[in-house]
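Q: Could we go through this structure together, a few residues and helices at a time?

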Amino acid sequence: MDAISLVAPRKLLIGGGSLAKLPGLLAEFGLSRPLVVTDPWIVSSGMIDRVLAPLARAGITAHVFSDTVADPTDTVVKAGVEILKSGHFDCLLGFGGGSPMDTAKAMAILAAARPGQLMRDFKVPASADRAALPVICIPTTAGTGSEATRFTIVTDTAHDEKMLIAGLGALPLAALVDYELTYSVPPRVTADTGIDSLTHALEAYVSARANSVSDLYATAAMRLISTHLRTAHAEPRNAAARAAMMEGATLAGLAFSNSSVALVHGMSRPLGAHFHVPHGLSNAMLLPAVTRFGMQAGLRRYAEAARIMGIAAANTPDDVAGELLVQELAALNKDMHVPSPKTYGIPQDQYEGLLEVMAQQALASGSPANNPRVPEQAQIVALYREVYAGGA
Ligand SMILES: NC(=O)c1ccc[n+]([C@@H]2O[C@H](COP(=O)([O-])OP(=O)(O)OC[C@H]3O[C@@H](n4cnc5c(N)ncnc54)[C@H](O)[C@@H]3O)[C@@H](O)[C@H]2O)c1
Ligand SMILES: [Fe+2]
């Protein structure tokens, strides 16, 4: 067996009110000239002050780059690098959902590139190990777990491809994980980001690359998320649910960063890239059907996941527990009003026309190779067809 390889940020501060510790965290690392990378909503809503105010009290005037877009693009990353190079910054603060955090990470990687290198030169199987500056992440969704992972996902605008970029260059130096920032997350985003976290934990757990340490993170994350996701969705101000979801999202990030994601994520990225479906939502559309596809090959692990999530009893036979898992994932989608690609508004002719390309891109990302059942291209096409109208 391969050696277990573990990565994590050097420091993670998790809990309500931890944002107040930002100046101290910067001081611990000897940093004082941050460029804050965020999105336009964080600025227009005033949430940006949650970061700028404690910094100002500590005598730090931060500059802000807020032109990030949902599902970051290579063009936005390039524009960010120009800002980065025009100032004397010593770190990047990725503040927001996965999109601003991933933009900050990608900026750090691209800023360390040799002349002429483009973002796409860093996509897997390349290893993006160098970053020009350290990145500190502060997530505002629960979530991608990007604050704890060695990944960033950037869209190649020339080819409409969501590129997976992996390596130590994408691993944050530190993160502040404060659930109080998530009270304002609307139900749709709570559902999508929460299912993204659950998918991270489940895929890390059933992945061919799962190991004893990633299992610890994945099982803890599955417990937290399965218990609290519906409550966080229904009661946005429920502190216990928001806290559990935020911790679960970070643990799920640590899980898949030290194991991997698998077929759901492999298929989700092309769906998101071609039809602009938010990342968590495209995962949700695929999760029940892809879980059923891998069930027999991964039965023991899927059944155990069902027990961990409290869906099956300790003595429930594996095949029954596996079926209960698929049913629960479908029920979760129903309860949280997850549309199918069809009801989301994706025209069938466009969808059909891109199926082979999407399947090729899914395979090329490498993620499907970690699935309990590794699909052929034709099986990926069949799965895309199956979910189109909402099949599981
Ligand atoms: N790097 C990784 O390991 C990793 C893992 C999974 C997903 N991702 C990537 O992360 C991105 C998705 O991130 P996301 O799902 O967090 O979405 P996002 O960052 O695109 O944010 C979604 C929306 O929620 C809003 N929002 C954010 N915080 C809010 C708050 N506290 N209150 C109200 N609204 C808020 C944003 O302004 C935006 O409109 C995708 O690009 C995906 O590919 C990365
Ligand atoms: Fe994800």
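Predicted model: local features only at pLDDT ≥ 70, side-chain atom pairs only at ≥ 80, totals over all residues.

Q: In which helix is the place of Thr219?
A: Thr219 belongs to helix α7.

Q: Is Thr219 buried or exposed?
A: Thr219 is buried, because its relative accessible area is 15% and buried means under 20%.

Q: What is Thr219 in contact with, leaving aside its neighbours within four places in sequence?
A: With those neighbours left out, Thr219 is in contact with Tyr205 and Ile308.

Q: Which residues of α6 and α7 meet?
A: On the α6 side they are Pro187, Thr190, Ala191, Gly194, Ile195, Ser197, Leu198, Ala201, Leu202, Ala204 and Tyr205. On the α7 side they are Asp215, Ala218, Thr219, Ala221, Met222, Ile225, Leu229, Ala232 and His233. By class, the residues of this contact between α6 and α7 are 14 nonpolar, five polar and one charged.

Q: At what angle do the axes of α6 and α7 cross?
A: The axes of helix α6, residues 187-206, and helix α7, residues 212-234, cross at roughly 155° and come within 9 Å. Therefore α6 is roughly antiparallel to α7, as angles over 145 degrees count as roughly antiparallel. The crossing of these two helices, α6 and α7, is left-handed.

Q: What about α10 and α12: at what angle do they pack?
A: Helix α10 (residues 279-294) packs against helix α12 (residues 318-335) at an angle of about 165°, and their axes are 9 Å apart. This angle makes α10 roughly antiparallel to α12. Here α10 passes α12 in a left-handed crossing.

Q: Which residues make that contact?
A: From α10 come Ala284, Leu287, Pro288, Thr291 and Arg292. From α12 come Glu323, Leu325, Val326, Leu329, Ala330 and Asn333. Sorted by class, the contact of α10 with α12 has seven nonpolar, two polar and two charged residues.

Q: Changing topic to strands, where is Leu176?
A: Leu176 lies in strand β8, which covers residues 174-177. Leu176 is buried, as its relative accessible area is 0%.

Q: What does Leu176 touch, not counting residues up to four places away in sequence?
A: Leu176 touches Leu13, Ser18, Leu19, Leu22, Leu25, Cys137, Ile138 and Pro139. One of these, Leu22, is 154 residues from Leu176 in sequence, while the two are 7.4 Å apart in space, C-alpha to C-alpha.

Q: And Ser257, where is that one?
A: Ser257 is in helix α8, residues 239-257. Ser257 is buried, with a relative accessible area of 1%. Residues up to four places away in sequence aside, Ser257 touches Val7, Ala148, Thr149, Arg150 and Phe151.

Q: How far apart are Ser257 and His200?
A: In sequence, Ser257 and His200 are 57 residues apart, and in space they are 9.1 Å apart, C-alpha to C-alpha.

Q: Now for backbone details: which residues does a cis peptide bond join?
A: A cis peptide bond joins Val124 and Pro125, with omega at about 15°. Pro125 is in the loop between α5 (98-110) and β5 (135-139).

Q: What is phi of Asp71?
A: Phi of Asp71 is near 55°, a positive value in a residue other than glycine. Asp71 is in the loop between β3 (63-65) and α4 (74-86), and at 22% relative accessibility Asp71 counts as partly exposed.

Q: And what is phi of His337?
A: For His337, phi is near 55°, again positive in a residue other than glycine. His337 is found in the loop between α12 and α13 (341-344). At 59% relative accessibility, His337 counts as exposed.

Q: Back to Asp71: what joins its side chain to that of Lys162?
A: The side chains of Lys162 and Asp71 are joined by a polar contact of 3.4 Å. Lys162 is in strand β7, residues 161-166, and counts as buried at 11% relative accessibility.

Q: Which residues does Lys162 touch, not counting those up to four places away in sequence?
A: Lys162 touches Asp71, Ile153, Val154, Thr155, Arg269, Gly272, Ala273 and His279.

Methods
Residues numbered from 1 in each chain as written. Chains lettered and ligands numbered in written order. Heavy atoms only, no water. Axes fitted to C-alpha atoms, helices over the stretch in contact; angles between N-to-C directions. Helix = DSSP H or I, 4+ residues; strand = E, 2+ residues; numbered from the N terminus. Parallel < 35°, antiparallel > 145°, perpendicular 65-115°, else oblique. Left-handed = near helix turned anticlockwise from the far one by under 90°. Contact = heavy atoms within 4.5 Å. Nonpolar A, V, L, I, M, F, W, Y, C, P; charged D, E, K, R; others polar. Buried < 20%, exposed > 50% of the residue type's maximum accessible area, 1.4 Å probe, protein only. Polar contact = N/O pair within 3.5 Å; in protein donor to acceptor, adjacent residues only side chain to side chain.
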